[in-house]
Amino acid sequence: MFKKLYLFALFTVICSTAAFAQNSLDIHFNGMGFMDNREYKDFVLRSRTYSGVRTALDLGLNIDSVHHFIVGVSGIHEFGAQPYFLKVDPVAYYSYTGKNWLFNAGAFPREGLLSDYPRALLNDTLRYYRPNVQGLLTRYTNEHFTETAWIDWVSRQTNTDREQFLFGFSGKYRPSLFSPFYISHYFLLMHDAGPAIAIPNDHIQDNGGAQIRLGLDLSHKTILDSLSFEAGGMMSFERTRGIDGFQKPAGFVASAYLSWRRFALFDEFYKGKGSHIIYGDSFFEKKTYNRLDIMYTPFLYKRIKGQFILSLHQTPGYFSNQEAFRITFDLGRQTLVRFKD
């Protein structure tokens, strides 16, 4: 009840403020339905079916072409669950969108901003259950270079709750616009401190990982619609302060992606020491791992996309499978009102 009153009050303030400036008010609606069945032989306790729908609705006040205030909600319903909405996350942030710079402050969607992170560092269930970043993000982009830095507050410290936050940066550099070669990198670290009332024998922990990749983008240079290859190194970082120093297992990563019309394949390979990254994919705890995604998109209409994905996971001694169907829809930002002086 209080959340509804809070959002209504913010909407009222936004609308009343709009009357005094040359600006506009728009609305944005998007969502995703998903059925994701995972039969993990390696991790029996993690074999389960994720199914549900997530929808997000927000209103945006555009002060001008670069300054924006957005307020809304993002809710998830798991099929068959009670109550209807498992969780409703607030969306409330300021956004600056300049020619080369983007800056967000508040609670804002991670999709399109951090969704390119390798699953080894940020697993794909975050799309379902933690769609927002709560903190700050800035991005610089030009023709050759993109760099993003961010901090995401996971848990605020109370007498019983731990202080936890993630921070990281990622980017891509393309030396020549006419060359298929590029370099990409990804880094994140989670800081996990205790609650305000100390727990005996509890220690601050740090956990994260990094990847650097060399890539070739051969899209539209063959009969295929897309074709790209990447290879590089991965390292994870984990320590318990006062107990040990950073443990830094490392390994080799490689991937290939190709698509033709409504079909696509994505293969990812890892070889090295196992890495335990809290928000990463558990399969990378293995010393050898290969994942093949076979994707088919039966319909793609304007802002609606439906896709079947068969994922085959292979580790030493195990072969696991995963079947998923996702439908995503994004109606874009639609102007409701344009205000005059």
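Two strands pair if DSSP finds at least two bridges between them; helices (H or I, at least four residues) and strands (E, at least two) are DSSP runs numbered from the N terminus. The model is predicted: local features need pLDDT of at least 70 and side-chain atom pairs count only at pLDDT 80 or more, while totals for chains, interfaces and linings use all residues. Residues are numbered from 1 along each chain as its sequence is written, and side-chain values use heavy atoms, with hydrogens and water left out.

Strand E6 (residues 132–141) pairs with two strands described here. With strand E5 (residues 101–109) the pairing is antiparallel and has nine bridges. With strand E7 (residues 145–155) E6 is also antiparallel, over seven bridges, and a hairpin of three residues connects E6 to E7. Thr 141 has Thr 146 in E7 as its bridge partner.

## Gly 106

Gly 106 is in strand E5, and its bridge partner in E6 is Gly 135. Contact means heavy atoms within 4.5 Å. Leaving out residues up to four places away in sequence, Gly 106 touches Ala 92, Tyr 93, Val 133, Gln 134 and Gly 135.

Gly 106 has a relative accessible area of 26% and so is partly exposed (buried is under 20% relative accessible area, exposed over 50%, partly exposed in between, with a 1.4 Å probe and protein chains only). Its C-alpha atom is separated by 38 Å from that of Arg 261, which is 155 residues away along the chain.

## The chain as a whole

The chain contains two helices and 16 strands. The C-alpha trace spans about 65 × 65 × 45 Å along its principal axes.

Of the 341 residues, 40% are buried. Contacts between residues at least 6 apart in sequence join residues at least 24 apart in 54% of cases. The accessible surface is about 18,500 Å², and carbon and sulfur atoms account for 63% of it.

## Salt bridges

There are 22 salt bridges in the structure (a side-chain nitrogen of Lys or Arg within 4 Å of a carboxyl oxygen of Asp or Glu). Arg 241 and Asp 206 form one of them, with their closest N and O atoms 2.9 Å apart. This pair links distant parts of the chain, 35 residues apart: Arg 241 is in the loop between strand E11 (226–240) and strand E12 (250–260), and Asp 206 is in strand E10 (residues 205–217). Arg 241 is partly exposed at 33% relative accessible area, whereas Asp 206 is buried at 4%.

Glu 230 and Arg 213 meet in a salt bridge at 3.0 Å, N to O. Glu 230 belongs to strand E11 and Arg 213 to strand E10, so this pair ties together parts 17 residues apart in sequence. Both Glu 230 and Arg 213 are buried. Arg 38 and Asp 36 also form a salt bridge, again at 3.0 Å, N to O, and both are buried. They are part of a salt-bridge network whose members include Arg 119, Asp 124, Asp 281 and Arg 291.

## A nonpolar surface patch

Leu 258, Leu 265, Ile 294 and Leu 310 make up a nonpolar surface patch with about 260 Å² of accessible area together. Patches take residues with over 30% relative accessible area and no salt bridge, joining like charges within 9 Å and nonpolar side chains (Val, Leu, Ile, Met, Phe, Trp, Tyr) within 5 Å. Ile 294 lies in strand E14 (residues 288–301) and is partly exposed, at a relative accessible area of 35%. Accessible areas come from the Shrake-Rupley method with a 1.4 Å probe; for residues, only the protein chains shown count as cover.
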